[in-house]
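Hi,

Here is the model I promised to pass on.

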Amino acid sequence: MKSRKLIVTFGIIALFLSCATNPFTGKKTMALVPNDQLFPTAFAQYDQFLSENKVVKGTKDAEMITRVGQRIAVAAERWLNANGYQGYLNDYKWEYNLVDDKTVNAWCMPGGKIVFYTGILPIAANETGVAAIMGHEVAHALANHGQQRMSAGLLQQGVAIAGNIAIKDEKSRNAFNQYYGIGSTVGVMLPFSRAHETEADRIGLYIMAIAGYNPDEAAELWKRMKANSGGQAPPEFLSTHPSNDTRIANLQKLAPTAKKEAAKFGITSFRE
């Protein structure tokens, strides 16, 4: 009993001392791995990834990825500065690369390291579609979602270890491991991930609008994503992402608010 209480006490102290503030929500978030440790690791992994893959340079598409990325980064900084977060991006090292790969994906690592695969460009369809994807991926980094997921994973593992230490009966311990693994994944980790996706959709929509790109295009992008998937997707409650229909509806609902946010920065018309 004493060991269980000790584990819980240390866990509470660790969570209390290891929090960050999400600038877009004002809420405290888990930060068991601080950015001064996370960013250098992410940068090294990014460099290794580039060295092992075919990076596209000097083409119109590659130039577009850089152009859109720079505009999104500037828009993010404008929003952060206007909302009292001057210097928030000081440790970010923005980099934008197009990689020759048929995978339909793009991502942004903690600290601003971005990759677009050529396979996603036909679905993006145009520069505004690229901006919708870029805004979403950058939003993950800005809101420290990678840091939060890593922290949640460590906490999930910590509770599992604590349970195995505290439960002495082997049969009960095996039952705990079985049900905890399923319950913590379906009931906690997957909803946590879906919430991040929804948050990144909202933040990304605001940023792309401030960068001068029409936020209405984000819903159209996801309609194309849905068509490309051919309806092959797991049930939403078993997925790390909201369903395509959920995302489309949310983006359509949020687009007018994103336009109002952009208007605060003098953006009242959008690039074609």
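Where does Leu-89 lie? Leu-89 is in the loop between H3 and E4; helices (H or I, at least four residues) and strands (E, at least two) here are DSSP runs, numbered from the N terminus. Before going on, two notes on the source. This is a predicted model, in which local features need pLDDT of at least 70 and side-chain atom pairs count only at pLDDT 80 or more, while totals for chains, interfaces and linings use all residues. Residues are numbered from 1 along each chain as its sequence is written, and side-chain values use heavy atoms, with hydrogens and water left out.

Back to Leu-89. At 10% relative accessibility, Leu-89 counts as buried (buried is under 20% relative accessible area, exposed is over 50%, partly exposed is in between, with a 1.4 Å probe and protein chains only). Setting aside neighbours within four places in sequence, Leu-89 is in contact with Ala-73, Ala-76, Glu-77, Leu-80, Trp-94 and Leu-142, where contact means heavy atoms within 4.5 Å. Ala-76 is 13 residues away from Leu-89 along the chain, and their C-alpha atoms are separated by 9.0 Å.

Now the aromatics. Rings of Phe, Tyr and Trp (its six-membered ring) pair if their centres lie within 6.5 Å; planes under 30 degrees apart are called stacked, over 60 edge-to-face and the rest tilted. That rule gives 8 aromatic pairs. Take Phe-39 and Tyr-92: their ring centres are 5.3 Å apart and their planes stand at 80°, so the pair is edge-to-face. Phe-39 belongs to helix H2 (residues 35–52) and Tyr-92 to the loop between helix H3 (60–82) and strand E4 (95–99), so this pair ties together parts that are 53 residues apart in sequence. One aromatic cluster is formed by Phe-39, Phe-43, Tyr-85, Tyr-88, Tyr-92 and Trp-94.

What lies over the face of Phe-43? It's Lys-113, at 5.0 Å from the ring centre (a charge sits over a ring if NZ of Lys or CZ of Arg is within 6 Å of the ring centre and within 35 degrees of the ring normal). Lys-113 turns up again in E6, as the bridge partner of Met-109. E5 (residues 106–109) and E6 (residues 113–117) pair in the antiparallel sense over 4 bridges; strands pair if DSSP finds at least two bridges between them. Their hairpin has 3 residues between the strands, and Gly-111 takes a positive phi near 95° there. Both faces of E5 are covered, with Ala-106 and Cys-108 buried on one side and Trp-107 and Met-109 buried on the other.

Last, Gln-252, which lies in helix H9 (residues 244–263). Gln-252 is partly exposed, with a relative accessible area of 43%. Its contacts, leaving aside neighbours within four places in sequence, are Ala-219 and Lys-223. Gln-252 and Pro-215 are 37 residues apart in sequence and 8.7 Å apart in space, C-alpha to C-alpha.

Cheers
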